[in-house]
Amino acid sequence: MRMFDIIEKKRDGKELSKEEIKFFIEGVTKDDIPDYQTSALLMAIYFQDMTKEERVHLTKAMVESGEQVDLSAIEGTIVDKHSTGGVGDSVTIILAPLVASVGAPVAKMSGRGLGHTGGTLDKLEAIPNFNVEIPNEKFIDIVNKTGVAVVGQSAQLTPADQKLYSIRDVTATINSLPLMAGSIMSKKIAAGTDAIVLDVKTGSGAFMKKLEDSRKLAKAMVDIGNMMGRETMAVISDMNQPLGKAVGNSLEIIESIETLRGEGPKDLTELTLTIGSKMVYLANKASSLEEARNMLEESIESGAALEKLKTLIESQGGDASVIDAPEKLPKAKYQIELQAKEAGYIKAIDANRVGVASLLLGAGRMTKDSVIDLSVGVVLQKKIGDYVNEGDTLITIHSNDKDIAQVKNKLYSSFQMSDEKVSSPTLIYETITS
């Protein structure tokens with residue numbers, strides 16, 4: 001089998017066989033295929049796409065390129081959740097203890113962020129002494145004892161995907177639908193869960209800006225999951241403005257605690273309940289999505305969900321007293337109010353620009369080696385549809401530097417105002433199940 005023939009075949013729009021895709025992925029993993037041939041095939045895939053069967057073969061080959069986590073020792077059906085990323089997306093931190101509080105085990109492997117703010121692991125590390133680096137045996141033991149754990153993902157999972165991504169990043173093939181779907185789903189399947197709920201974002205702060213593109217990606221991933229024996233659902237949710245109000249690591253921990261108290265932002269709460277109900281249903285803990293949602297709402301109301309967050313923190317070495325004493329979390333020196341320059345209704349908030357402003361404050365990573373400032377970020381005081389008077393506070397900026405003119409300019413440029421009344425945007429566009 002020759003790489004030249006595989007490239008030529010896909011260039012001409014023909015379907016690659018399981019054996020040809022496996023040959024390619026094994027060659028990439030072992031460094032037997034030069035980057036120029038890998039790049040050529042990736043570009044051919046970008047233009048010619050892949051069939052459902054090719055996407056499954058690609059995903060399976062990437063899963064088999066490295067370690068696969070065995071979670072069979074965990075009692076019950078394990079359901080994982082994945083978000084394609086956004087601004088102010090702290091859902092996992094709320095969702096893990098919430099779902100676990102109604103009896104559905106949550107064995108969550110997450111990553112670190114490269115962008116606007118930290119990833120789930122970075123946010124959790126804002127909690128003093130919280131440990132995300134836990135050996136697999138202990139990880140499984142914690143889940144069996146407490147029902148929930150959130151740890152770092154092993155670097156040995158899907159090494160082929162890591163190599164392909166580094167080449168896609170410099171060859172303008174990141175946006176290839178089959179390559180994106182295969183990349184995400186290979187990591188989810190290698191992580192060993194039984195079922196998967198996907199949160200596919202769409203809008204200015206999302207990777208996929210257009211709803212139709214988000215729909216295609218969601219459908220592709222659901223197809224892959226179901227065809228590989230993992231019951232999979234996807235929610236397409238809005239990211240045309242930040243989710244919730246807080247953008248920044250310790251600030252999002254505070255907002256997560258408030259949400260589990262039943263005092264969180266409406267949109268963040270709604271999305272969490274929507275995704276959570278699907279996880280509980282797929283975990284066979286409820287006979288319908290409606291029953292699952294009722295269970296989650298009751299858990300928040302009773303305080304059981306917040307107690308489970310305490311358990312999560314304590315079982316991973318963290319200081320659970322932050323739940324009642326948030327001042328123990330990293331706190332920025334200055335809280336600076338960004339005041340409205342004109343009156344009117346907020347027509348739009350560019351989520352990406354808000355995210356970049358948080359990055360400029362130090363809340364995220366410019367490069368993978370950047371050190372995150374866990375204390376900084378922004379808290380939105382107004383959102384789309386709200387009316388503001390001149391001088392009202394739009395955003396509270398949490399900064400360790402007083403000289404933040406660039407940050408302020410970025411934030412001001414993210415707001416669009418209107419004299420006419422504006423409706424709040426749709427939060428959840430649709431659910432895809434097959």
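This is a predicted model: local features need pLDDT of at least 70, side-chain atom pairs count only at pLDDT 80 or more; totals for chains, interfaces and linings use all residues.
Residues are numbered from 1 along each chain as its sequence is written, and side-chain values use heavy atoms, with hydrogens and water left out. Local features need pLDDT of at least 70 and side-chain atom pairs count only at pLDDT 80 or more, whereas totals for chains, interfaces and linings use all residues.

Helix 5 (residues 91-100) packs against helix 14 (residues 304-315), their axes coming within 8 Å and crossing at roughly 110°. Helices (H or I, at least four residues) and strands (E, at least two) are DSSP runs numbered from the N terminus. Axes are lines fitted to C-alpha atoms, for helices over the stretch in contact, and angles run from 0 to 180 degrees between N-to-C directions. Helix 5 and helix 14 are therefore roughly perpendicular. That term covers 65 to 115 degrees; angles under 35 count as roughly parallel, over 145 as roughly antiparallel, and the rest as oblique. Ile93, Pro97, Leu98 and Ala100 of helix 5 meet Ala305, Lys308, Leu309 and Leu312 of helix 14. Contact means heavy atoms within 4.5 Å. By class, the residues are 7 nonpolar, no polar and 1 charged. Here Ala, Val, Leu, Ile, Met, Phe, Trp, Tyr, Cys and Pro count as nonpolar, Asp, Glu, Lys and Arg as charged, and the others, Gly among them, as polar.

Lys308 is also touched by Thr146. Thr146 lies in helix 7 (residues 136-146). Its relative accessibility is 17%, so Thr146 counts as buried. Buried means under 20% relative accessible area, exposed over 50%, and partly exposed in between (1.4 Å probe, protein chains only). Leaving aside residues up to four places away in sequence, Thr146 touches Lys308, Thr311 and Ser315. A polar atom of the Thr146 side chain lies 3.1 Å from the backbone oxygen of Val148.

Helix 7 also holds Asp141 and Lys145, which are 4 residues apart, about one turn of the helix. Their side chains meet in a salt bridge (3.2 Å, N to O). A salt bridge is a side-chain nitrogen of Lys or Arg within 4 Å of a carboxyl oxygen of Asp or Glu. The structure holds 27 salt bridges. Asp141 is partly exposed at 35% relative accessibility. Lys145 is exposed at 65%.

Arg215 forms a salt bridge with Glu430, with the closest N and O atoms 2.6 Å apart. Arg215 belongs to helix 10 (residues 211-227) and Glu430 to strand 13 (residues 428-432), so the pair ties together parts 215 residues apart in sequence. Arg215 is partly exposed, with a relative accessible area of 26%. Glu430 is partly exposed, also with a value of 26%. Arg353 and Asp350 form a further salt bridge (3.8 Å, N to O). Arg353 is partly exposed at 35%, and Asp350 is partly exposed at 23%. Elsewhere, salt bridges that share partners join Arg261, Glu307, Lys310 and Asp324 into one network.

Strand 13 also includes Ile428. Ile428 counts as partly exposed, at 23% relative accessibility. Val235 is 193 residues away along the chain, yet the C-alpha atoms of Ile428 and Val235 are separated by 7.1 Å. With residues up to four places away in sequence not counted, Ile428 touches Val235, Ile236, Ser237, Leu271 and Thr274.

Notes:
A polar contact is a pair of N or O atoms within 3.5 Å; within protein, one must be able to donate a hydrogen and the other to accept it, and residues adjacent in sequence count only if both atoms are side-chain atoms.
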